[in-house]
Amino acid sequence: MIRVALPTSAAAVPRSIMTSAGESIAKNQEEEAKRVWRKADAVCFDVDSTVCRDEGIDDLAAFLGVGEAVANVTRTAMNGNARFRDALAARLQVMKPNKDQLDHYVNITRPKLTQGIKELVSRLQSRGTHVYLVSGGFRRLILPVAELLGIDQSRIYANEILFDKLGNYNGFDTSELTSDSGSKDCDGFQIVLISKRLRADKLAKNNHKYLYTISDGQTSCDRSLEEKVPLQNGCDGSDGATDAEAAPPADAFIGFGGNVVREAVKARAKWYVTDFDVLRKDLENDESSDDE
């Protein structure tokens, strides 16, 4: 065994050695993430800017004629490190969609699926992998997405807009797991923080081995899905999550930048992809190797 003691000054380490060591570590981390990905028996996808190319809340706001106003509220909330629930409430207070408006928007709008997502979901399902959609957006907007992908409605975790008896906007369901971050400074960690607690012992009886989550990382939520999602181990993928936030306790995570590339996340991700076909082909190659 060789022990190496690094100099106290980083400047004393030759750049070539630092670069080589960094590349080696990154390669090993990517291989580990791939290993876990191939074993995943449940996958959670974020929706906005991941499964879909757009941001559902922004598009709905534009339809309602308050796109810029909502964008301003979002920027103000994020700059002030507001918790996710407060930011969501502020945006909805500007939008105030009634039931007829929401239904009409859904009826005239076709989901803008990211290229390759249908094939990836199909491949996962053919392997017996459970696929979930988890979003800080609105369930009503995600239902058509799930239908196109062949994902059961019971596997959607998103926010529910509430209406009064006349169909007027009446807030949102704060009991939804995706409605709050529980922190003022964890924007971008929705999928990661949700899956952090999916290892509950009481779920072990479901015998799921790994959870892999993929997200664009725009919204936040750290409340556990352990009461509802039958998973034992966690494996995370998010283009809005840091390595430290995702693993541990997750087994691994990847970053997805097919629609939005976030350099800070790209630099931290164990495995960063910009095309869903990369994930699908990795599964297919793994199956081919097993057949040999």
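User: How many helices and strands does the chain have?

Analyst: The model is a predicted one, in which local features need pLDDT of at least 70 and side-chain atom pairs count only at pLDDT 80 or more, while totals for chains, interfaces and linings use all residues. Residues are numbered from 1 along each chain as its sequence is written, and side-chain values use heavy atoms, with hydrogens and water left out. Helices (H or I, at least four residues) and strands (E, at least two) are DSSP runs, numbered from the N terminus. Counted in this way, the chain has 12 helices and 9 strands.

User: What percentage of the 292 residues in the chain is buried?

Analyst: A residue is called buried when its relative accessible area is under 20%, exposed when it is over 50%, and partly exposed in between, using a 1.4 Å probe and protein chains only. Of the 292 residues in the chain, the buried ones make up 47%.

User: Which residues have the most contacts inside the largest nonpolar core?

Analyst: In soluble globular proteins, nonpolar side chains tend to be buried together. A nonpolar core is here a set of buried Ala, Val, Leu, Ile, Met, Phe, Trp, Tyr and Cys residues joined through side-chain atoms within 4.5 Å. The largest such core has 29 residues, and those with the most contacts inside it are Phe45, Val51 and Leu133.

User: Which residues does Leu133 touch, not counting residues up to four places away in sequence?

Analyst: Contact means that heavy atoms lie within 4.5 Å of each other. With residues up to four places away in sequence not counted, Leu133 touches Phe45, Val47, Val51, Ile142, Val145, Ala146, Ile151, Arg155, Ile156 and Tyr157.

User: How are the rings of Tyr132 and Tyr157 placed: stacked, edge-to-face or tilted?

Analyst: A pair of aromatic rings is described by the distance of the centres and the angle of the planes. Rings of Phe, Tyr and Trp (its six-membered ring) pair if their centres lie within 6.5 Å, and planes under 30 degrees apart count as stacked, over 60 as edge-to-face and the rest as tilted. For Tyr132 and Tyr157 the centres are 6.3 Å apart and the planes stand at 40 degrees, so the pair is tilted.

User: Which strands hold Tyr132 and Tyr157?

Analyst: Both residues are buried, Tyr132 with a relative accessible area of 3% and Tyr157 at 7% relative accessibility. The pair links distant parts of the chain, 25 residues apart, with Tyr132 in strand E2 (residues 130-138) and Tyr157 in strand E3 (residues 156-159).

User: Which residue lies over the face of Tyr132?

Analyst: A charge sits over a ring if NZ of Lys or CZ of Arg is within 6 Å of the ring centre and within 35 degrees of the ring normal. At 5.4 Å from the ring centre of Tyr132, the residue over its face is Arg155.

User: Which parts of the chain do Phe256 and Phe276 tie together?

Analyst: Phe256 and Phe276 are both buried, and they form a stacked aromatic pair, 4.1 Å centre to centre with 5 degrees between the planes. Together with Phe45, Phe256 and Phe276 form one aromatic cluster. The pair ties together parts that are 20 residues apart in sequence, because Phe256 lies in strand E8 (residues 254-256) and Phe276 in helix H12 (residues 276-291).

User: Which residue in the turn between E4 and E5 has a positive phi?

Analyst: Two strands pair if DSSP finds at least two bridges between them, and strand E4 (residues 161-163) and strand E5 (residues 169-172) pair in the antiparallel sense over 2 bridges. The bridge partner of Phe163 in E5 is Tyr169. E4 and E5 form a hairpin with 5 residues between them, and the residue in the turn with a positive phi, about 90 degrees, is Gly167.

User: What covers the buried residues of helix H8?

Analyst: The buried residues of helix H8 (residues 139-149) are Arg139, Leu141, Ile142, Pro144, Val145, Ala146 and Leu149. Just after H8, Gly150 takes a positive phi of about 70 degrees. What covers the buried residues of H8 includes helix H2 (47-51), helix H3 (56-63), helix H6 (99-108), helix H7 (117-126), E2 and E3.

User: How far is the backbone nitrogen of Gly137 from a polar atom of the side chain of Ser135?

Analyst: Ser135 has its place in strand E2 and, at 2% relative accessibility, counts as buried. The backbone nitrogen of Gly137 and a polar atom of the side chain of Ser135 are separated by 2.8 Å.

Conventions
Polar contact = N/O pair within 3.5 Å; in protein donor to acceptor, adjacent residues only side chain to side chain.
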